[in-house]
Amino acid sequence: MAAANALQISPFSSPPKPNTASPLSLLPHCTSLRELKQIQAFTIKTHLQNDINVLTKLISFCTLNPSATLMDHAHQLFDQIPQPDIVVFNNMARGYSRSNSPLRAIVLFSDILCSGIIPDDYTFPSLLKACASSKALQEGKQLHCLATKLGLNHNIYVCPTLINMYTECKDVNAARRVFDKIAEPCVVCYNAIITGYARSSRPNEALSLFRELQAINLMPTDVTLLSVLSSCALLGALDLGRWIHEYVKIHDFDKYVKVNTALIDMYAKCGSLDDAVSVFENMAVRDTQAWSAMVMAYATHGHGSKAISLFEEMKRVRVRPDEITFLGLLYACSHTGLVREGCEYFYSMSDKYGIIPGIKHYGCMVDLLSRAGRLDEAYKFIDALPIKPTPILWRTLLSACSSHGNVELAKRVIGRIFELDDSHGGDYVILSNLCARAGRWEDVNYLRKLMKDKGVVKVPGCSSVEVNNVVHEFFSGEGVQSVSADLHRALDKLVKELKLVGYVPDISLVCHADMEVEDKEIALRYHSEKLAIAFGLLNSPPGTKIRVVKNLRVCGDCHSAAKLISLIFDREIILRDVQRFHHFKDGKCSCGDYW
C-alpha cells in the first residue's frame, strides 16, 4: 500500500512532458558573458554552432550593452561565419559604435567590403555614429561618398546620422549642406541640425531652424526642445526662454524630466534664479541631473550656502550625486572662499562616491586655491595631477597671478602654457598687463613683439543684452567707430554722472605707456559691458532688469561702474561673465567683490 503522502497519478492523465524549449529562448534573460557561454555550449552539443541564425542571436546579445569583453567575444563568433551577411555585420557595427573602440567598426567594414557584401540603409547609421564618436571626419566623408554612390544619402535613417557626424567632427557647415539637400526633412533631421548648431555655440541658427520647423507645422519633440532651451541659455535670451517654457507646458513636454532640467539650466544661465527654483520645486520627479542642475544654478549665482544645503537635502532623500553635482559644489566653494569645504568635497568624490575627478573639477580646485591667494599651492596641485594638465588649468592660475600681482610666478606659469599652446592672445595680454602694472616695460615690449611675430590676436570682449525679444551684441571699442551716435552720447553722459557720485576710472587696467590719461579713460569707457548696459538703459522702461552676457571675465572697472549704475538708476543689473553671475543692486554686487 502506498504511503499516504505519495504522489497520486491518475491512470488517465498524460505523463509529464520534457522541457523542449531551446536555451536560445533564454538569451533575453542573460545577464553576463558566463551565462551566454553556457547557452553557446548547448548549441555546440546540438551541432548548431555553425548556424548563422544562432550565431547572429549570440552576437546580437553581445552588442546590446557592448563592453570590451563582450565585443571581443562577438568578434570571435563573427569570425566563425564563413560567409557573413549584412545583417550580422550591422549588429557588429552597432556594438562597436557604442563601445570604447568605435573605429573597429570601420576596420571590420573594410574587410567585409572586400568580400563583396553590399551595405544597406541600416549599415551607415552605425558606421557614421562610430565616426562621430571618434571625430573621424575623413572616414566619415568616405562613408558619405559611398552612401551617395549607393543612392542612400537621402535615406531617412542615413541623413540624420550624416548631419550628426559632421557636427560632432566640427564641420557644421557641411552638416547644413546635407540638411539643405533634403527635399522634405523630417523632425529627426531638424533635431540633428538644431542640436549640431546648439552644441557648436551657434544658437541663432538653431533658433532660426526651430522657427522654420514651426512654420511648416512640423511638431517638435522633446529632443528639439532640449537644444532650443540650450540655445536660449547660450544667448541669455530670457524672454524667448519664457516663451519656450509656455510652449512646453501647452504641449505637455513638461512630463519629461530632461526638459524640466533644461528649463532649470536655461533660467539659471539667463539670470533668473527664481524661475529656475520654481521649475525645480514643481517637478513631480527629480533625478540626479535635475538636482545637479539646481546645485549648479545656486553656485553660479553666488549662493554657495544654498548650493551646499541643497546637496545635503539631496543626500537625505537618497539621490546619488554625480560629477556635475560636485562641479556645482566646487563652484560654490570657489566663489565664496570656502577653501576647506571645497577640498573636503573634492576628495570625497573618489573616496566616498567612487567618482573620478575630471578636468573641470581640477580647474575648480585650482580656482579655489588661486582666489584665496594660495598660488604656490595651486601650482603644485597642477604639477602633481594624475593627468596631463590642459592650458585652461594653467590659465586659471595665470589669471590669479595677475589678480594678486605675482609677476615671477606668472612668468613660470606662462612658460608651462606655451609648452602646450602659444596661440592664445589672452595669455600674452594678461602677462603683459601684469608686467606693465609692475613697471617692467622691457617685458611688456618683448611680449607685444612676440604676439606680432606669431600673428597672435586678442579675442575682443563681446557683450549681449536682450531688449524686446531681440539680442543685441556689442564689442569693446565700438563706441568710437560703429555704435550709433545716440548710444555714444548716452555713454558719455552716463560716465559724467558716475563721476559725480565718486566713480574714478581705473586706468591702471589700460597698460600702454604711450597713452595719455584721457585716451586710457576712453578705452575703458567703451568696454562691451558698458555699451550693453547703456543700450539697456536707453531702450527699456525704468525699473526693468538689465541682463548682460559677456564672453570674457568682467573687468574691475566695469564691475565698479555697474554697482554705481544700479544705485543711480535704481536698476537691477544681472551680468553673466565666463565664470559666474554678478547681480548688481542698490550699489552692491552679489559676489561681494570676490571674483
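The following legends describe an overall view and several close-up views of a predicted model of one protein chain.

**Figure 1. Overall view of the predicted chain.** The protein chain contains 29 helices and six strands. Its C-alpha trace spans about 115 × 65 × 55 Å along the principal axes. Of the 595 residues in the chain, 50% are buried. Among contacts with a separation of 6 or more, 63% are made by residues 24 or more positions apart.

**Figure 2. Confidence along the chain and the stretch at residues 1-20.** The protein chain has a mean pLDDT of 89, and 94% of its residues reach 70 or more. Over residues 1-20, in contrast, the pLDDT is below 50, and this stretch has zero contacts in the model beyond near neighbours in sequence. Where pLDDT is low, predicted coordinates should not be read in detail.

Figure 3. In the model, residues 85-119 are 66% helix and 0% strand, with the end C-alpha atoms 10 Å apart. For residues 186-220 the chain is 74% helix and 0% strand, and here the end C-alpha atoms are 10 Å apart.

Figure 4. Strand β3 covers residues 546-550, and five of its five residues are buried, so the strand is largely enclosed by the rest of the structure. In a regular strand, side chains alternate between the two faces of the sheet. In β3, Ile-546, Val-548 and Lys-550 point one way, whereas Arg-547 and Val-549 point the other way. All of these residues, Lys-550 and Arg-547 included, are buried.

**Figure 5. Strand partners of β3.** Strand β1, at residues 462-467, runs antiparallel to β3 and is joined to it by three bridges. In this pairing Val-465 stands opposite Val-548 of β3. Strand β4, at residues 573-576, pairs with β3 in the parallel sense over four bridges. Here Val-549 stands opposite Arg-576 of β4. Between β3 and β4 the chain passes through helix α29, residues 556-568, and this β-α-β crossover is right-handed.

**Figure 6. Aromatic pair of Phe-346 and Tyr-347.** The model holds 17 aromatic pairs. One of them joins Phe-346 and Tyr-347, whose rings are 5.0 Å apart centre to centre, with 80° between the planes, in an edge-to-face arrangement. Phe-346 is buried, with a relative accessible area of 5%. Tyr-347 has 45% relative accessibility and counts as partly exposed, because this class lies between the 20% limit for buried and the 50% limit for exposed residues.

**Figure 7. Aromatic pair of Phe-474 and Phe-535.** The ring centres of Phe-474 and Phe-535 lie 5.3 Å apart and their planes are at 50°, so this pair is tilted. Phe-474 belongs to strand β2, residues 470-475, and Phe-535 to helix α28, residues 528-539; the pair therefore ties together parts that are 61 residues apart in sequence. Phe-474 and Phe-535 are both buried.

**Figure 8. Cluster of aromatic rings.** Phe-311, Phe-326, Tyr-345 and Tyr-353 are linked into a cluster by ring pairs.

Technical notes. Residues are numbered from 1 along each chain as its sequence is written. Side-chain values use heavy atoms; hydrogens and water are left out. pLDDT is the predictor's confidence in each residue, from 0 to 100. Contact means heavy atoms within 4.5 Å. Helices (H or I, at least four residues) and strands (E, at least two) are DSSP runs, numbered from the N terminus. Buried means under 20% relative accessible area, exposed over 50%, partly exposed in between (1.4 Å probe, protein chains only). Two strands pair if DSSP finds at least two bridges between them. A crossover is right-handed if, with the strands pointing away from the viewer, the path from the first strand over the helix to the second runs clockwise. Rings of Phe, Tyr and Trp (its six-membered ring) pair if their centres lie within 6.5 Å; planes under 30 degrees apart count as stacked, over 60 as edge-to-face and the rest as tilted.
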